[in-house]
Structures are given as structure tokens and as C-alpha cells.
Amino acid sequence: MEYAAIRHFADKRYCYAIEKGRFLIRLETKKGDVESVVLHVQDKYLPLELLDTRREYTMKITCSDNYIDYYEQILEIDVVCLRYFFEIKDTMGNVVYYGSHNFYKEFITDIDRMFDCPQNLREEEMLELPEWAKNRVVYQIFPSRYATDQEVAENEWYQSPIGHEADLKGSLRGIIRNLDYIRQLGADVIYMTPVFSSDSSHKYNIDDYYRIDPSFGTKEDLRELVEKAHGLGMYVILDGVFNHTAVDFFAFRDVMEKKEQSCYLDWYYINEFPLVTEPGKKPNYKTFSYAASMPKLNLQNKETADFVIDVATYWIQECDIDGWRLDVGDEINHAFWKRFRREIKAVKKDALIVGEIWHFAGDFLEGDEWDSIMNYQFYHAVTDMVAAEKICASSFTGILNFIKGNLNQGLEGYLWNFIDTHDTARFLHLVSQDTGKQKLAAAIQLLLPGMPVIYYGDEVGMDGGPDPDCRRGMLWDEERQDKELFYYYRTLIQIRHGYPVLTEGRIVYQYADDRTGLIYIERELKGQVIALVFHTRKGNAQLPELTGMKNLVNGMNFEGRLGDYETAVIVKQIRTNREGM
């Protein structure tokens with residue numbers, strides 16, 4: 001038994017309240033090393049001679065990543081404080097007892113050698129997420145290139161490749177004119193990259209946070225966009241660039257002019273004067289990614305933090321936006337984000353807070369900071385398996401299960417799962433215009449739990465290399481659109497909306513077969529059983545046991561096989577008797 005791989009902490013990741021009186025306890029072990037785990041619990045304060053509160057539960061593996069098995073057990077408790085330990089049996093029949101971070105050969109009876117879970121504390125720390133956002137489909141828009149209400153020549157709009165400086169005259173009114181298109185696709189949430197005053201096409205260097213960029217329109221245009229989106233049953237998320245500003249932002253301008261005498265000196269991280277702002281030279285002040293045009297804000301300074309929070313609450317109050325996506329969120333301190341959450345939720349309790357982070361983000365997702373993240377681990381897993389063909393089906397599911405096994409289970413329906421964004425090459429570019437591969441990636445994105453994010457134009461076959469070429473003008477000319485791909489995306493979204501079992505159902509059976517390239521997931525909800533099958537490679541894969549059952553993807557009876565990169569969603573009439581994994 002690999003003791004070093006056995007892991008548990010009595011904290012919000014391994015021991016937390018799902019709801020009042022219901023708790024989840026999680027234990028990690030080396031993959032394949034353990035035969036069984038029994039969870040032993042008892043009341044901390046009630047003497048056994050007065051009332052025997054001891055209980056035991058056989059824990060189950062809920063998922064496995066490429067190295068770890070995750071055992072979980074849900075308890076119903078009503079105590080002041082719970083004490084517990086684990087009885088672990090390996091595949092050789094050896095038994096060890098694990099409590100309070102120590103291993104024992106004998107059954108643990110001393111409660112001070114057990115783990116400790118105060119019920120009230122955990123319930124007060126319980127994860128609270130906006131119910132409206134769970135498993136919703138997000139449509140990402142780059143406003144300067146999505147749609148316009150002005151005359152733009154076709155050769156200008158459809159230029160490729162495209163650079164940062166191209167002005168396609170995208171506007172909020174252009175987006176308003178196309179809200180019906182977004183709703184027809186089936187998206188539930190519109191996420192727009194920055195819309196505030198800036199001298200760039202991307203607007204990530206903001207010079208006035210209280211002003212909509214004039215090229216996009218006005219505050220009234222944004223208010224109308226939000227109202228009309230809400231009228232169509234959609235939500236609107238804005239991009240919050242709170243890590244850094246433009247050099248033309250009033251505070252930094254004052255620093256440049258007055259130097260050490262500026263009252264805004266503590267708003268930034270200035271090493272020395274004179275400031276080094278020339279392109280190609282390393283700035284002598286902190287910035288985003290050494291970009292001199294994007295000086296980093298010091299959010300440990302209360303005045304700076306007050307300003308940012310006022311901006312964030314202002315747009316919720318003025319235009320009724322539904323939340324913020326936080327740019328470079330992992331480079332801002334936790335104390336600020338805790339305050340940010342409290343103040344945003346005080347203004348709009350169900351506002352969604354989503355952080356941009358390119359790595360695992362468990363420390364931001366414990367219930368007191370963000371509601372979700374941009375799930376780059378999902379992105380890398382899909383591109384590695386489908387585009388680069390570097391990993392196999394089991395490695396892919398292992399990566400997804402690492403995320404599942406290391407986050408609060410309530411977060412699964414909130415992670416922003418994407419296959420490309422304004423910061424990456426288009427997926428179609430990565431797969432050399434192979435729409436079969438794009439369909440597979442879209443199916444994985446749209447048929448699993450989470451908040452799938454469709455980058456504008458993916459649904460009609462938009463191409464584009466790395467930033468800035470991934471930010472081309474939207475394909476509005478129907479002759480340029482891949483209509484078949486559009487209908488495929490729309491069909492997948494309709495299936496997602498029509499069959500909640502895909503995102504809410506419990507997994508009753510799953511496997512990843514590296515020989516055939518199949519990923520099979522069977523879910524059940526309220527007696528309905530759906531089999532979701534992804535074929536992740538070229539060639540044919542046989543599934544004779546599903547022959548004759550309805551495949552929701554094409555509306556026909558399944559013929560028992562899948563072709564190149566094909567997906568099937570099978571409605572099963574009878575639940576299988578196979579054990580869940």
C-alpha cells in the first residue's frame with residue numbers, strides 16, 4: 001500500500017457541506033492500489049456509554065484520474081462536531097487505519113486521533129452558486145469584430161489574416177441586431193470581451209472604466225442590449241480588466257506627470273523614475289506580461305480596490321449585467337477577490353463571477369471568491385486528444401477526472417469549457433479545417449456538464465491562426481458559412497437542453513477504450529438512461545449492443561457502429577445492470 005499517495009484534509013476540498021445536514025467526505029489513494037475503504041464516524045462530544053453514535057460506510061470510487069482513485073461518501077448528520085477515520089484495505093489484504101494524518105495498525109478508538117469536522121462551520125462555508133448559470137451555453141463575442149451597424153466593405157470585413165489595427169467598426173448595436181441569431185443557435189449567455197474606452201481593438205488597455213468605447217456605442221446601447229437579451233431569455237457577462245489599466249488611465253497619467261509627488265503613486269507598482277515605457281524595453285514598473293502599455297494595478301491599496309469595486313457594482317446597477325469574467329484573475333490577491341465577491345453579491349446576489357486562469361484554480365473556488373473559471377485544463381485536454389493526437393482516450397478522461405476529483409462537486413456544472421477563444425488559434429485552424437474533428441470537439445464540449453463556451457463563428461466554420469488572426473470578422477455572408485456545421489451545433493445544444501440527464505444525471509457506467517478510441521458514459525436521471533459515446537479517432541468502432549436504439553444526434557436508429565470522430569447520444573430503454581465506476 002502506497003501510504004504517500006493516501007491524502008485527506010478536513011477542509012473545504014475533502015470535507016464539505018453539500019446542503020444543510022448533508023456532507024461529502026473524500027479520500028485519495030493511488031490508482032488501483034486499494035481494494036476497499038470504510039469510513040468510520042462518530043459524534044465528538046456524546047460519550048459512547050450514553051449513546052453509541054458510531055457508524056460505518058463503505059466508500060465508492062466516484063472517479064479516477066491518471067494516477068489517483070477518488071473515494072467519496074455522502075453523509076446525513078446532525079451534530080456539533082463529527083469525528084471520523086478511514087479503514088483502508090489494499091489489494092494484498094493488508095489493512096491500515098488513517099486518522100488525523102497518521103496511519104495505525106489498530107482500530108482507532110481515541111477521538112483525538114481522528115479527523116474533525118465542525119458541522120456549523122462547514123455549513124456556513126457552503127458553496128453558493130447562481131442557479132440560473134448551471135450548465136448554460138455561453139456565446140463569446142469579440143465586439144470590435146462581431147457585427148456592425150455601419151457600412152463596411154466586404155473585402156475589409158473578411159480580411160484574412162487580420163491584425164490588431166484593423167477597424168471593422170464592430171458595435172453594440174450590431175450585436176443587438178443579431179441577438180435573434182444567438183438565441184436561434186441556442187446559447188443562453190452572452191459573454192463580451194471588454195467594451196470600455198480604449199485605443200485598441202481588443203480593449204484590454206482601458207483608459208475610462210465608466211465609459212463605453214465610443215466606437216461601440218453608449219451606456220444606453222449596452223442597457224438596451226442587456227434588456228433585449230433578458231427578454232429573449234439570455235444573460236450578459238462583461239469582461240472585467242481589473243489587473244491593469246491603460247497608460248492613459250487618469251491615475252497612471254498623473255503618475256507619469258507628477259512622478260514621486262503623484263497622489264496615485266500607490267495605485268501601481270513603480271520601481272523607479274523616470275519610467276521606462278518604450279516598446280521593446282523591459283518596464284521598470286509592474287505590468288501585464290511586461291507590456292509597458294498595461295501597467296498593473298496595486299489592489300492591496302484600499303483606494304485602488306475601492307475604485308475597482310465601484311466600477312464592478314456600477315455596471316450591474318446601471319445596466320443590470322449578470323456578472324463578470326475577470327481578466328488575469330490569478331495575478332490578483334485572494335483578499336481582494338474575497339471582498340469583491342462580498343460586494344458584488346450584495347448588489348446582485350445571483351451575479352456570476354468567473355476568473356480567467358490558465359492552470360488548476362482550486363484555491364479560488366472554495367466558495368468565497370469565484371463561482372467558476374475558464375477551464376483551460378479542458379481546453380488543453382481536447383486539443384491534445386483531438387487536434388494534436390498526443391493523448392489517448394483514457395488520458396483525456398483522466399484529466400477531466402482530476403478536475404472533478406479535486407473540486408467541490410457543485411462546481412461541475414459551472415466550469416467554462418471551451419475549445420478556442422480570442423487568446424488561442426481557432427480550433428478549425430488547429431485541425432487543418434477537418435470539420436469532423438471540430439464536430440467531435442464541439443460534441444465533447446456541448447454534451448458534458450459545465451458551461452460550454454462557443455467562440456463566435458465556430459458554429460459556422462470560422463478559421464484563424466493565433467492571436468490576432470483568431471479575431472477575424474464574423475462570417476455573416478451565408479455563402480461563406482458552413483451551414484451543416486451550424487445545424488450540428490444547434491442540434492447538440494437542443495439535445496443538451498432537451499435531456500438534462502446529460503448534465504445532471506448520475507454516472508452509472510463509463511469507460512475509455514484506448515484500443516478502439518471510444519469514450520462511453522452512461523447517465524441516469526429520474527429513470528431515464530442516456531448513453532453518450534465519443535469515437536475519438538479515424539476508422540470504425542463497433543457497439544452492437546446499442547443497435548436499433550435511437551441516436552439523438554441524427555434522429556435515426558443506431559446501426560451499431562461509429563465512424564471517424566463520430567458521436568452518438570443513445571436513448572436506452574432499459575437500464576444496464578453493470579456496476580458504476
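This is a predicted model: local features need pLDDT of at least 70, side-chain atom pairs count only at pLDDT 80 or more; totals for chains, interfaces and linings use all residues.
The charged end of K203 sits over the ring of F216, at 5.2 Å from the ring centre.

**Aromatic pairs**

- The count of aromatic pairs comes to 52.
- For Y264 and W267, the ring centres are 5.2 Å apart and the planes stand at 90°, so this pair is edge-to-face; the cut-off for that class is an angle over 60 degrees.
- W267 has a relative accessible area of 5% and is therefore buried, the limit being under 20%.
- Y264, with a relative accessible area of 21%, is partly exposed.

**Packing of α10 and α13**

- Helix α10 spans residues 376-387 and helix α13 spans residues 435-447; their axes lie 10 Å apart and form an angle of about 150°.
- That angle makes α10 roughly antiparallel to α13, because angles over 145 degrees fall in this class.
- The two helices, α10 and α13, cross in a right-handed sense.
- On the α10 side, the residues in contact are F378, V382, M385, V386 and A387.
- Their counterparts in α13 are K437, L440, A441, I444 and Q445.

**Packing of α6 and α8**

- Helix α6 (residues 219-231) packs against helix α8 (residues 302-319) at an angle of about 65°, with 9 Å between the axes.
- The angle places α6 roughly perpendicular to α8.
- From α6, the contact involves K219, L222, R223 and V226.
- From α8, Y314, W315, E318 and C319 take part in the contact.

- Leaving aside residues up to four places away in sequence, Y67 touches T29, K30 and K31.
- Between Y67 and A335 there are 33 Å in space, C-alpha to C-alpha, and the two are 268 residues apart in sequence.

Methods. Residues are numbered from 1 along each chain as its sequence is written. Side-chain values use heavy atoms; hydrogens and water are left out. Rings of Phe, Tyr and Trp (its six-membered ring) pair if their centres lie within 6.5 Å; planes under 30 degrees apart count as stacked, over 60 as edge-to-face and the rest as tilted. Buried means under 20% relative accessible area, exposed over 50%, partly exposed in between (1.4 Å probe, protein chains only). A charge sits over a ring if NZ of Lys or CZ of Arg is within 6 Å of the ring centre and within 35 degrees of the ring normal. Axes are lines fitted to C-alpha atoms, for helices over the stretch in contact, and angles run from 0 to 180 degrees between N-to-C directions. Helices (H or I, at least four residues) and strands (E, at least two) are DSSP runs, numbered from the N terminus. Angles under 35 degrees count as roughly parallel, over 145 as roughly antiparallel, 65 to 115 as roughly perpendicular and the rest as oblique. A crossing is left-handed if the near helix is turned anticlockwise from the far one by less than a right angle, and right-handed if clockwise. Contact means heavy atoms within 4.5 Å.
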